[in-house]
Amino acid sequence: MADDTQRRIAEFIEPLRVTPGSKVTLAKDFDPGYKADFVKKKDGLEFLQRGVELMTEYQARLAAQDTYGVLVVIQALDAAGKDGTIRHVMSGVNPQGVFVHSFKVPSAEEINHDYLWRYTRDLPGRGEIGIFNRSHYEEVLVVRVHPENLTRQRLPKEARGRDVWKRRYRDINDWERHLADNGFKIVKLLLNLSQEEQRIRFLRRIDLPDHNWKFSAADAHERTYWSDYQKAFSEMLTATSTEWAPWYVIPADHKWFARICASAVIANALIEIDPHFPRVTAEAHKALEATKVELEAQAPKGAAPDPFASAAVPAAAEPRDAPQKTGKKTRKKAAKAAKKAKKAAEAEKKERERVEQADRLAGRETEKETLREDEREARTVERETEAGGEVAGKGAH
Ligand code: ATP
Ligand code: MG
C-alpha cells in the first residue's frame, strides 16, 4: 500500500490514542467536539471513502490468509452513535467476514459463569472481524456505576473486596494480551460524547416523530449518573490502555467525524497486520495445471481451448503448454490427480462452511436487528445531511 496513505492515517489517529501508562481525565484530556483540520463534512468525505476502501481491500486479505483475527470493541454512552458508526465504517466490507455482537444485561445463564465467559464465547475467529457493540468493559463501567449488578454476579467474598476493579483491569489486560499473543488484534474505541450533545440528541428523539422509537426513559435517567460514568471511563482508560491493546477516544459530537476516526483506527489496525493472500504452493500449482488440461480438452469444436490463456502467468518450473504435448496416458494421470485435488478442496470448503454456519447461528438474530436499526438510522442521517450537514455541528465546542 502507498506509504503516504499509511503515514497520513497513522498521524491522523495519533491524537486519539491513549498513551499506555498515562493518567487520563476524560473531560480534560479529550474534547468530544474535536474535528482535526476538517472544517466541513464534505472535506472529510474523501478521507472516509479512502478508509472504507482500505478496509475492503485488507479485509479480503485477512479472510484469505486466515491467520489473524480482529476484535473491534465499541463503548459509549447512550446516543453517542454506536450503531451508526458500526454501519458506516463497515459499509464496504464483505458481510461474510464480519459480525456484530451486542451485549445487553447478562442473562441468567451468562451470570452463572465468570464475568468474561460470555465475551469469550463471541470472539471472532481467524480471518474474521468481530465487532463488540458494548463489551467486557461494561464489567468496569455499568457494573461499577450500579453496584447492584455486582451483587447479581454472586461472587465469592474474596473476589468482591475493595480491590475488585483493580483485579478486573488486571484480568482484562491479561485476557487481551493472551488474545493479542495468539493473533487477535484488539481495536478499542470509546465514542466520547459531550453532555450537551447527548441532551440535544435525546430531545431530538422526543421532538421528531420519526425518532420517537429510539427514545428510552431509562437512557435519560442514566444521564443523571454522568459524572460517575466520566470517572469510570477515565479510570478504565488509565488502567487498560496497553501497548498490545490501546484505547482510542473518538470525538463523537460530530457524527460524520466520529465515523472518519473509527474507520481510520480500524484501517490502521489492518495495515499493521498487513495480511497477504496465500501463495499457491508448487504442488497445488501442478494440480491447477492438470485441471487446466482437462478443461481445455473439453472445449467444444470451434471454441478457444482457454480464452484466458494469454492472461495466465506460466508456472516457473513448467511451461504452460507442456501438458498439451503429453500423451494419452499422462493426460489420464493428470486428470485423475486433478479429480483428487478437486475432491479434497470441496471437502475442505464444506467443512469450513459448516463451522462458520454453526458459529454464526447464535449471533444472527442480533445482527439482523442491528441491520434493521441501522437502516432506520441511515434514513435519518441522510435527511439530516440533505438539510445542510449543520445538525452534527450543533454540539461543537
Ligand atoms: P440501543 O439503545 O442503541 O439499542 P444499547 O447498547 O444501549 O443500544 P440497550 O438494550 O438499550 O442497548 O441497553 C443495554 C443495556 O445493557 C445497557 O444499559 C448496558 O449498560 C447494559 N449492560 C451491558 N452489559 C452489562 C453488564 N455486564 N451488566 C449489567 N448491564 C449491562
Ligand atoms: Mg440503549
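This is a predicted model: local features need pLDDT of at least 70, side-chain atom pairs count only at pLDDT 80 or more; totals for chains, interfaces and linings use all residues.
Trainee: OK. At what angle do α4 and α13 pack?

Mentor: About 55°. Helix α4 covers residues 82–89, helix α13 residues 255–273, and their axes are 9 Å apart.

Trainee: Is the crossing of α4 and α13 left-handed or right-handed?

Mentor: α4 passes α13 in a right-handed crossing. On the α4 side, Gly84, Thr85, His88 and Val89 make the contact. α13 brings Lys255, Ala258, Arg259, Ala262, Ser263 and Ile266.

Trainee: How do the residues of that α4 and α13 contact divide?

Mentor: Four nonpolar, four polar, two charged.

Trainee: Now α3 against α13. How do their axes cross?

Mentor: At roughly 30°, coming within 8 Å. Helix α3 is residues 41–65. This crossing is left-handed.

Trainee: Which residues make the contact?

Mentor: From α3, they include Phe47, Leu48, Val52, Met55 and Leu62. From α13, they include Trp256, Phe257, Ile260, Ala267 and Leu270. By class, the α3 contact with α13 has 16 nonpolar, three polar and two charged residues.

Trainee: Switching topic: how many residues surround ligand 1?

Mentor: 13. The closest are Lys104, Val105, Glu138, Val142 and Asn149.

Trainee: And how does the shell around ligand 1 divide?

Mentor: Five nonpolar, two polar and six charged.

Terms used
Residues are numbered from 1 along each chain as its sequence is written. Chains are lettered from A and ligands numbered from 1 in the order in which they are written. Axes are lines fitted to C-alpha atoms, for helices over the stretch in contact, and angles run from 0 to 180 degrees between N-to-C directions. Helices (H or I, at least four residues) and strands (E, at least two) are DSSP runs, numbered from the N terminus. A crossing is left-handed if the near helix is turned anticlockwise from the far one by less than a right angle, and right-handed if clockwise. Two residues are in contact if their C-beta atoms, placed from the backbone, lie within 7 Å. Ala, Val, Leu, Ile, Met, Phe, Trp, Tyr, Cys and Pro count as nonpolar, Asp, Glu, Lys and Arg as charged, and the others, Gly among them, as polar. A residue is near a molecule or strand if its C-beta atom, placed from the backbone, lies within 6 Å of it.
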